[in-house]
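Thanks for asking me to look over this one. My notes are below, as numbered points you can check against the structure.

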Amino acid sequence: MKKEWPLWEIFVRSKNGLEHRHFGSLHAADAEMALENARDVYTRRKEGVSIWVVESKNITATNPDNNGELFEPAQDKVYRHPTFYELPDEVKYM
Amino acid sequence: MSEAQIKILEEQFEARIARDEKIEPKDWMPEKYRKTHIRQMSQHAHSEIIGMLPEGNWISRAPSLRRKVALLAKVQDEGGHGLYLYSATETLGITRDEMFEQLHTGKAKYSSIFNYPTVSWADMGAIGWLVDGAAIINQVPLCSTSFGPYARAMVRVCKEESFHQRQGYEIMVKLAGGAPEQKAMAQDALNRWWWPALMMLGPTDAESVHTAQSMKWKLKRKTNDELRQQFIDQTVPQAELIGLTIPDEDLKWNESKKSYDFGEIDWDEFWQVVKGHGPCNKERMSARINAWENGQWVRDAAMKHAEKEQDRKEKQAV
């Protein structure tokens, strides 16, 4: 029986108050082992206080080929930013 | 896709890199970019993994607890670096098992330096100081390389590598300042590791076939000869400071170019070791293959256990 251990994506919260951030990936037989391996591989120097593991096959991602239609429309919506609006120089606290 | 279309995509791709944009795994990339990165990144990973062997040899014989914890941590880091790099390489569409297969059959190379033996404790000092020193010079520019997963892995690696060099130099400082026998050990280690460390920076520019392409893709920022000069210039004063002598009769400060002139490197030796005729090539490969094969039943058992647990949970849920 030759079967490669599945791949897991590792997310680490570096300290309370911050979000979990993607750190990398690793192979493990199950979720529990993925947590144990992630602790050894990605947090040898106090890099984290909490770890999430997700099996890579469960992540659905956008396709970079569609980046144009997905993300470019935001480029011409400058009116969503405060600097788009003209105010008199005298106005304060806005 | 037609050849003309590919040509346009390639031009757009090169322009992105020239603008310092990063390439991510799912982006379109030329086949050659993918292959070159798989080759370089997997060889880098293999070097970390094989690099654990010469030092692992000394963990149980470290002279003090302080030295032992440091060496253990260093070797564990190297295992970690190998794992970061393997998973970064997998994003390019090669599996971990395929990479191991290439390593074990000799299709993929690893850094030749690890084919030299570690015969005394002072070698732990020389390796940290010189081998990790040369590795840092090679690796720092890769933190800003064009392929995102490689660059991110290298940022992590470089952060950790500095301790490796410092712990090695500390070993040399203590030995060089110790009894005459200890100083002789340090000098002997320097004599044996100096030239192989210089070879780690790669063949001379005239012989290096990948340099131009690698520069374009930011796999390289400086040429091999420039990196070697940098390594020599920063290392010679470190040797002098602790009273050790660089084993090169032609080594001399050149005031006009503000750097050292140095002797001829024995490139025949380099190519012999690359081709598999170094002192420890066979030993390293057999240690690696044995570890992998003897661990097969453990990996299988863990997988079986995971499947059984999954089944049990599903049954309980019914």
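**Notes on the predicted model**

1. A:K77 is partly exposed, at 22% relative accessible area. A:K77 pairs in a salt bridge with A:D76, with the closest N and O atoms 4.0 Å apart.

2. Another salt bridge in chain A joins the side chains of A:K57 and A:E55, at 3.8 Å from N to O. Are the two partners buried or exposed? A:K57 is exposed, with a relative accessible area of 66%, whereas A:E55 has 18% relative accessibility and counts as buried. The cut-off for buried is under 20%, so A:E55 falls on the buried side of that limit.

3. Over in chain B, have a look at B:K74 and B:D132, whose side chains meet in a salt bridge of 2.9 Å, N to O. B:K74 belongs to helix α4 of chain B and B:D132 to helix α6 of chain B, so this pair ties together parts 58 residues apart in sequence. B:K74 is buried, at 0% relative accessibility, and B:D132 is buried too, at 5%.

4. Salt bridges also form a network: A:R44, A:R45, B:D77 and B:E160 are joined into one through shared partners. Over all chains, the count comes to 28 salt bridges.

5. How many salt bridges are there between chain B and chain A? The count is five. In one salt bridge, B:E307 pairs with A:K3, the closest N and O atoms being 2.7 Å apart. Polar contacts between chain B and chain A number twelve residue pairs, counting those with both residues at pLDDT 80 or more. On the chain B side, the elements giving two or more residues that touch chain A are α4, α5 (96–104), α7 (148–176) and α13 (296–317).

6. For the extent of this interface, the area buried between chain B and chain A is about 2000 Å², and carbon and sulfur atoms give 51% of that. Three residues, B:K26, B:R156 and B:M303, supply 24% of the area that chain B buries against chain A, more than any other three residues. The contact takes 24 residues from chain B and 20 from chain A.

7. Back in chain A, strand β1 (residues 7–13) and β2 run antiparallel, joined by seven bridges. Within this pairing, A:I10 has A:G24 of β2(A) as its bridge partner. The hairpin of β1(A) and β2(A) has six residues between the strands, and A:G17 takes a positive phi near 105° there. Strand β2 (residues 20–27) of chain A is mostly covered, with six of its eight residues buried.

8. My last point concerns helix α3 (residues 52–59) of chain B. Which of its residues are buried? They are B:P54, B:E55, B:W58 and B:I59. Seen down the axis of α3(B), these buried residues fall within an arc of 150°, so they line one face of the helix. What covers the buried residues of α3(B) includes α2 (31–50), α4 (65–90), α6 (122–139) and α12 (281–294) of chain B. Two of these helices, α4 and α6 of chain B, also hold the B:K74 and B:D132 pair from point 3.

Note on methods. Residues are numbered from 1 along each chain as its sequence is written. Chains are lettered from A and ligands numbered from 1 in the order in which they are written. This is a predicted model: local features need pLDDT of at least 70, side-chain atom pairs count only at pLDDT 80 or more; totals for chains, interfaces and linings use all residues. Side-chain values use heavy atoms; hydrogens and water are left out. Buried means under 20% relative accessible area, exposed over 50%, partly exposed in between (1.4 Å probe, protein chains only). Helices (H or I, at least four residues) and strands (E, at least two) are DSSP runs, numbered from the N terminus. The arc is that of the directions from the helix axis to the C-beta atoms. Contact means heavy atoms within 4.5 Å. Two strands pair if DSSP finds at least two bridges between them. Buried area is the accessible area (1.4 Å probe) that two parts lose on being put together, summed over both. A polar contact is a pair of N or O atoms within 3.5 Å; within protein, one must be able to donate a hydrogen and the other to accept it, and residues adjacent in sequence count only if both atoms are side-chain atoms.
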